[in-house]
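Reader: Can you walk me through this one? Keep it quick.

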Amino acid sequence: MIRMLKKHSFIAVVYFCLIALLGLGLRLFAVMDIPGTYKYIVHTHSHIALLGWVYTALTTLLYFTYLSSQAIDKKYRILFWFTQATIVGMLFTFPFTGYTLFSIIFSTLFLIASYWFVYFFFKHCPEDLKKKASYKLVRISLWYMVISSIGPWALGIIMSNAGSGSAWYRNAIYFYLHFQYNGWFIVALFGIFIYILEKIGFSLPEHTFKKFYSLLNAGVILTFFLSVLWMKPDWPFYLLALIGGVLQFIAFGIFFRAIYSKALEIFRSLSDLFRFSIRMVVFLFSVKLIAQILGAFPVISEVIFTNMDMIISYIHWVFLGVVSTLLLIFLNYFEMLKLSRFQLNFYLVGFFLTELFIFARGLVNLEVVPAIAAVHWLISLASLVLCVGIATILAGQFLAKD
C-alpha cells in the first residue's frame, strides 16, 4: 500500500513541476515571443495546479491517514487512475483549445471523479476515526469541495444566458476558487495537522475544538463575500466580509494559542524540518488572515480588484506558500516523499522572489513606487528559480526510489 501511495505522491510532484514550467512560460510571454495562446496556458496552469498537484497530493494524504487500514487498495486504484485520466485529458486539451468540447468533457468527468472520492472516503473510513476531531475537519472540507463545484456547473448556464462578460460568470469562478482554497484545501490540511497531533498524543480540549470549528466554518462561509467586493456592492456585503475575516482570525488564534501553550511537548518528537515548516506556515497564514480583514475595507478592496498583480500575489501566497508547503511537509512526514531542508529552502527562495517582484509590479502600477527596470525579466528569473527548486524536489524522488 505504501508503495502505491509513494507512486501517487510522485505523480503529484510531477504535476507540481509541470505547473511551475507553465508558470514560467506565462511570465516569458511578457519578454519574448512564445508560441501558443496565453489565455489557454492560463487555463491549463490553473486546472493542473488545483486538480493535478493539490487534489492528487491531498487525496493521497487522506487515503493514507484514514483509509489505509482498509483492504480497498484495488478499488481505490480504479478511482485514482480514472481521476488521472481526466487530469491528463485536461493537460492535453486546454493548452490547444481552451474551453471547448473535449476540455469541458474532461473537466466534467473530473468533477464526477471527485464526488466518487467523497463517497468512497465516507463509505470506507473506519468508525473509530470518525469520532476524532481531525475527521470532523476533513469531513467538512470534503463537503466544501462538493459545494465549490456549484461554480463550474453554473458556468454552462451562465454562458448560455448571460455570457462570459457578465458579473455572474466572474462570481461563479470566484465561488469555486474560494471554497476550493479556503474550504477544501485549508480545512483539510488543518484536519491532517490535527491528525498528526492526535497520533503523537495531543488532543485539543473539546470545548476549544468546538469554538475553533464553529468560528472557522462561519468564517469560511462569510469570507466568500470578499470575492464579490469587486462589484462595489452595498455596505452589508463589506460588513459580512469583515465579520468573516475577523471570525477566521479569532478561530485560528484559539487554535494556535492551544498549540503554543504546549509547543515544546507537542513538537519534541517531530523533526527539525517539520518544526521549521510549521513556523513558516504560521507566518504565511497569519499574513493571509490579516490580508482578508484589510481586504474587507472599501478603499483597499477597490485597489486590489483593479490590480491583477495584487490578486495573483495573494493567490500565489496561499497556493504556493501555505497550501503547497504543508502538502510537501505532510507527504514527507508520512514518508511518501523525500524532502531535505536544502530542497525546501530552495523552493521557498523561489516563492518569496516571485512574490516580491509580482507585488512590486503591482505597486508600480499603483504609482506607489517608481518604475522598476526590467521588472518582467526579474519576475521571469524568479519563476525560473522557483521552477528549479521544484525540479530538485522531483529529482530527489528519482534518487530516493526504492
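Predicted model: local features only at pLDDT ≥ 70, side-chain atom pairs only at ≥ 80, totals over all residues.

**Charge, helices and rings**

Author: Arg 3, Lys 7, Lys 74 and Arg 77 form a positive surface patch. Patch residues have over 30% relative accessible area and no salt bridge, with like charges joined within 9 Å. Areas are Shrake-Rupley with a 1.4 Å probe.

Reader: Which elements give two or more residues to the positive patch?

Author: Helix 1 (2-28) and helix 3 (73-91). Lys 7 sits in helix 1. Helices are DSSP runs of H or I, at least four residues, numbered from the N terminus.

Reader: How many salt bridges in the whole structure?

Author: A search finds 5. The cut-off is a Lys or Arg side-chain nitrogen within 4 Å of an Asp or Glu carboxyl oxygen. One joins Lys 210 and Glu 206, at 3.5 Å, N to O. They are 4 residues apart in helix 9 (residues 206-222), so about one helical turn separates them.

Reader: Switching to rings. How many aromatic pairs?

Author: There are 53. Ring centres of Phe, Tyr or Trp (six-membered ring) must lie within 6.5 Å; planes under 30 degrees apart are stacked, over 60 edge-to-face, the rest tilted. Phe 122 and Trp 143 are tilted, because their centres are 5.6 Å apart and their planes at 35°.

Key. Residues numbered from 1 in each chain as written. Heavy atoms only, no water. Patch = residues over 30% accessible without salt bridge, like charges linked within 9 Å, V, L, I, M, F, W, Y side chains within 5 Å. Lys, Arg positive; Asp, Glu negative; His and termini not counted. Charge placed at Lys NZ, Arg CZ, Asp CG, Glu CD.
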